[in-house]
Each structure stands twice: as C-alpha cells, then as structure tokens.
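Colleague: I am new to reading protein models. Could you take me through one, feature by feature?

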Amino acid sequence: MNNQIKVAIVGYGNLGRGVELSISKNPDMSLVAVFSRRDPKSVTTINTPVYSVENILDFKDKVDVLILCGGSKDDLPIQGPLYAQHFNIVDSYDNHAKIPEYFASVDKVALVNKKVGMISIGWDPGMFSINRLFGEALLPDGETYTFWGKGLSQGHSDAIRRVEGVKAGVQYTIPSNSAIEKVRSGARPSLSTKDKHTRECFVVLKDGADAKKVENEIKTMPNYFEPYDTTVNFISQDEFDKNHNTMPHGGFVIRSGNSSSGINQVIEYSLKLDSNPEFTASVLVAYARATYKMSLKGDFGAKTAFDVAPNLLSAKSPADLVKELL
C-alpha cells in the first residue's frame, strides 16, 4: 500500500510483540524496524528486521512514528525526552503520580524539535482516562469509580516472587461484585481501597519453604497486600505453567450522577482482555496514526489521549466516518 505510515519499535518484550501483531492488522501502516538493547541476532521477531538501539539515529528520516515499549520505572523517563528530540513518539508511561513531570520533560524537547510526543497511551492511563473525563463533563454532579480486574498485576506478581521461599508466583486483582453493583445502582457509595478490590495469589514454593511464613509475609506486605483481603493459594509448578501463563486484565469506569433531584444517570465503560499487553499495543498503534496526522498539521509538543480528536485514530476518511459510524 502506498503512503503507509512507517513505524518502528524500541524494545521487544510482550508489549513490542503486541505492537508488531497490531500493525499487521492495520494496512495503512508498516513496521520498518525493531530497535533493541540486546544483540540483534538474539532477537526473533515475526518478520521485522532488528537493529541495535545504538543505530537508531540512522533512521531519523525513515520512520514517521517511534513506539516506545519500555518500562515506566527506568526506561521511559530517559527514552521519552531523548527520542522526542529526533522522532514523533508514542509511549505507555503509567506512573500516574509522575505523569505531569514526565509530560513536561517530553514537551520541552518535542516543541523545540517540532515533534509530537504522545505519552501515557494505553487503557489506564488512556482509554479509562478519557471515560473518566466524559463522565465528569456530562454529569458534573456525581462520582467516578474505577475498578481494575479481574487481571494479572505484573508489579504485585513481581513483589510475590521476591519473597523468600517463593519459586514462582502471580497475583490477580479482583473487583468486588457487591461494590460494583452498589455503584451501578446509582447509590454513590463511599468506598475504601479494601472495599473495591480483593487480591488472589497463586504461589509455587521452593523445596523446604515454610508455607505459613510465606503466606504471612505476602499478606502483611505494606503498600502491596496489607490493606487488602488477600488469599494465597499454593499450587504445583505444573498447575502454575498450565493455568497462569497468560496476562488477562480489564476493568470498569463508572460515573454515577444526578441530572436533577432524584434522577440518577449511570455511565459505564468496561474492558475484558485476554491479553493486557496485546490490547495496550493496539491502543498505541491507533494513537501512532493520530500522532502522524498531528505532526502533518504542525501540532507539536507533548500530548495525551485528552488532546486527540477521535477521527484522528481511524484509518477511514472523515466522510466515511460520518456515513458509517455517526
């Protein structure tokens, strides 16, 4: 296809693989390169050439949008401002508390270099953020509730695996059905963190490990498990490998409000995902299209999902969108 949007990926883990899969379903886009910190010969993609990240500037004029697939803790705070000097970028930075600071660091270099820096794109932050905004704007007299799960939490799973005696482990965040139903009823309940979610852990013990000690250490872990109702299940390695090797996730954003006295209105947006990284990648790819369109208009600087008109996400023409979807 002529005039395809040329995309490249930095980082080829679960998210990078998801981006490669997603681009294969978008005929107006092509994936021209994967850049990795690893030896390119050791990275096996589906059908995309791999280059060392040290050679990325050789592609300045060959890439329309660079999708950054690194982690929010250590990778993106460095990579975002660095690569926004040379490329239009899209990333999934998700450290909510530090987004304003990160936005400013990308905005500063993107504006000077006439690039678009699309940050914090995914389902939360990203799609959930938009739906929180819609809820507040449409029902100003109301409350917004966000529930996550049922889904595998990568950060909490990592915390479990750091407990002495744990060979393998995962943790699922499970939203409370009773809390969700209260919100759906329009009651606008006051809900604590513990009220909204429970946590369920599946753990494989190392030989000789003390199960009671491991369970207690997990349940009393501050900031991770201590505030929640937590269940710890000990299972075999075979069961772990069979039932806990995918990354499902999802959740709900619900706005409950009143348009007048006694008139309840409830807005709900939900996701049920077999693969968290593949869906996040799909969102990144749609916003890469928008990023390219915004760059053609000269709309430079750092951007978030709040700044993107919906029609920019679609490969269809404005006329077709009006005809088919409006």
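Colleague: Which residue in β4 does Ile9 stand opposite?

Modeller: First, a caution: this is a predicted model. Now the general idea. Strands of a sheet pair through backbone hydrogen bonds, either parallel or antiparallel. Here, Ile9 stands opposite Ile67 in β4. Strand β1 covers residues 5-10 and β4 covers residues 65-68. The two run parallel, joined by four bridges.

Colleague: How many bridges pair β1 with β2?

Modeller: Six, again in the parallel sense. Ile9 turns up here too, standing opposite Val34 in β2.

Colleague: What is the strand order in the open sheet of seven strands?

Modeller: Read it as β3-β2-β1-β4-β5-β6-β14, with parallel pairing. β3 (50-52) and β14 (301-303) stand at the edges. Each has a single partner strand, so one side of each has no neighbour in the sheet.

Colleague: Why is β2 said to be largely enclosed?

Modeller: Count its buried residues. Buried means under 20% relative accessible area. In β2 (residues 29-36), seven of the eight residues are buried, so the rest of the structure largely encloses this strand.

Colleague: Which strands does helix α2 lie across?

Modeller: Helix α2, residues 76-83, lies across β1, β4 and β5. Relative to β4, α2 runs at about 175°.

Colleague: Now another helix. Which residues of α5 are buried?

Modeller: General idea first. An α-helix has 3.6 residues a turn, so residues three or four places apart point the same way. In α5 (residues 154-161), the buried residues are His156, Ser157, Ala159 and Ile160. Seen down the axis, they fall within an arc of 155°, so they line one face of α5. Their cover includes β8, β9, β10 and α8.

Colleague: In what sense do β7 and β12 pair, parallel or antiparallel?

Modeller: Antiparallel, over seven bridges. Trp148 stands opposite Gly251 in β12. Strand β12 also joins β13 through eleven bridges, and these two run antiparallel. There, Phe252 stands opposite Ser270. β12 and β13 form a hairpin with two residues between them. In the turn, Gly262 has a positive phi of about 80°.

Colleague: How many of the residues of β12 are buried?

Modeller: Ten of the twelve, so β12 is largely enclosed by the rest of the structure.

Colleague: Last, which helix gives the largest share of the lining of the second largest pocket?

Modeller: Helix α4 (residues 127-138), with four residues.

Conventions: Residues are numbered from 1 along each chain as its sequence is written. This is a predicted model: local features need pLDDT of at least 70, side-chain atom pairs count only at pLDDT 80 or more; totals for chains, interfaces and linings use all residues. Side-chain values use heavy atoms; hydrogens and water are left out. Two strands pair if DSSP finds at least two bridges between them. Contact means heavy atoms within 4.5 Å. Axes are lines fitted to C-alpha atoms, for helices over the stretch in contact, and angles run from 0 to 180 degrees between N-to-C directions. Buried means under 20% relative accessible area, exposed over 50%, partly exposed in between (1.4 Å probe, protein chains only). The arc is that of the directions from the helix axis to the C-beta atoms.
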